[in-house]
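Subject: Structure for you to look at

Hello,

Here is the structure I said I would send over. My notes on it follow below.

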Amino acid sequence: MTARRAVMLGLGALLLVAAGPAAREPATVRVRLVTSAGNITLALDARRAPLTTANFLRYVDDGRLEGTHFYRAARRKGDPTKGFIQGGIGTDARRILPSVPLEPTSKTGIKHLSGTISMARSVNPNSAHGNFSIMVGDNPTLDARPGKPGYAAFGRVIGGMDVVRKILAMPTGGGRDEMRGQMFLKRVRILRAERLDGTAKPTGRPRPWLIDLPWRRD
């Protein structure tokens, strides 16, 4: 082996070592939600809930949460200072990405404690996409248990819990069925979602919500 070839191989090995960790998601990924009510900082658990965290980060990295809202407050009847708030893309099909399989709390060990962020879904356990909930107070009924798959918790609030409580207390009404009376009369705007750790990985999919048509303006 010539000296030049040895040097080149050595440089290549160093580049692979350097690129290895950068190609992987950090164990914890922080995301800042900048809202019209204040900032909320999240720590997402990519180690224990990798699929759910990756799903949420696709919406962050694509800018799909920019201009969306917190639209719902589910407050406990006995203690309205507890419950959860819900936000995300709502029913905006222009922003939706394919859903991922449910990562239940029985698998991840991430419980629905106060400050936990969890993916919202329909009756289909594997239907979570771009809507999420933040707990105010513990909500163990959302955890997996025999006969109930529960919801996919995947991180927690590490800054701005006062903002979450303020949003929970905002006036609500409207809605129907299990959401009756829970929709914000004035929604809280999510101005943007900012990744603070790791490298953004946009999906490259079309972003039709950015087309500025008069009937699509708030």
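Three aromatic pairs turn up in this predicted model. F56 and F132 are both buried.

F132 also pairs with F70: the ring centres are 5.6 Å apart and the planes stand at 80 degrees, so this pair is edge-to-face. F70 belongs to strand 3 (residues 68-75) and F132 to strand 6, so the pair ties together parts that are 62 residues apart in sequence. F70 is buried, as is F132. Taken together, F56, F70, F132 and F154 make up one aromatic cluster.

Leaving aside neighbours within four places in sequence, F56 is in contact with V31, L42, L44, L65, I117, M119, F132 and F154.

A separate item involves a charge and a ring: the charged end of R121 sits over the ring of Y151, 4.2 Å from the ring centre.

The nonpolar core

Which residues have the most contacts inside the largest nonpolar core? They are I40, L42, F56, F70, F132, I134 and I167, in a core of 38 residues. Helix 4 (residues 161-168) gives the most to this core, with five residues. In soluble globular proteins, nonpolar side chains tend to be buried together.

Strand 6

Six of the six residues of strand 6 are buried, so this strand is largely enclosed by the rest of the structure. N131, S133 and M135 point one way from the strand, while F132, I134 and V136 point the other way, and all are buried.

Strand 6 pairs with two strands that I looked at. Strand 4 (residues 83-88) runs antiparallel to strand 6 and is joined to it by six bridges; G88 has N131 as its bridge partner there. Strand 5 (residues 116-119) is also antiparallel to strand 6, over three bridges. In that pairing M119 stands opposite F132, and M119 is also among the contacts of F56.

Strand 2

Strand 2 (residues 38-45) has six of its eight residues buried, so it too is largely enclosed by the rest of the structure. Strand 1 (residues 28-35) pairs with strand 2 in the antiparallel sense over eight bridges, and a hairpin of two residues joins strand 1 to strand 2. T35 has G38 as its bridge partner. Strand 2 also pairs with strand 7 (residues 153-159), again antiparallel, over four bridges. Here the partner of A43 is R156.

Not counting residues up to four places away in sequence, Q86 touches F70, Y71, R72, A120, F132, S133 and M179. That list includes F70 and F132, both members of the aromatic cluster.

M179 is in the loop between strand 8 (172-173) and strand 9 (183-195). With a relative accessible area of 25%, M179 is partly exposed. Beyond four places in sequence, M179 touches R72, Q86 and G174. R72 is also on the contact list of Q86. M179 and A74 are 105 residues apart in sequence and 7.7 Å apart in space, C-alpha to C-alpha.

Overall figures

The protein comes to four helices and nine strands. From the N terminus on, the order is α-β-β-α-β-β-α-β-β-β-α-β-β. Of its 218 residues, 43% count as buried. Among contacts with a separation of 6 or more, 72% are between residues 24 or more positions apart. The accessible surface is about 12000 Å², and 57% of this surface belongs to carbon and sulfur atoms.

Regards

Definitions and conventions: Residues are numbered from 1 along each chain as its sequence is written. This is a predicted model: local features need pLDDT of at least 70, side-chain atom pairs count only at pLDDT 80 or more; totals for chains, interfaces and linings use all residues. Side-chain values use heavy atoms; hydrogens and water are left out. Buried means under 20% relative accessible area, exposed over 50%, partly exposed in between (1.4 Å probe, protein chains only). Two strands pair if DSSP finds at least two bridges between them. Contact means heavy atoms within 4.5 Å. Accessible areas come from the Shrake-Rupley method with a 1.4 Å probe; for residues, only the protein chains shown count as cover. A nonpolar core is a set of buried Ala, Val, Leu, Ile, Met, Phe, Trp, Tyr and Cys residues joined through side-chain atoms within 4.5 Å. Rings of Phe, Tyr and Trp (its six-membered ring) pair if their centres lie within 6.5 Å; planes under 30 degrees apart count as stacked, over 60 as edge-to-face and the rest as tilted. A charge sits over a ring if NZ of Lys or CZ of Arg is within 6 Å of the ring centre and within 35 degrees of the ring normal.
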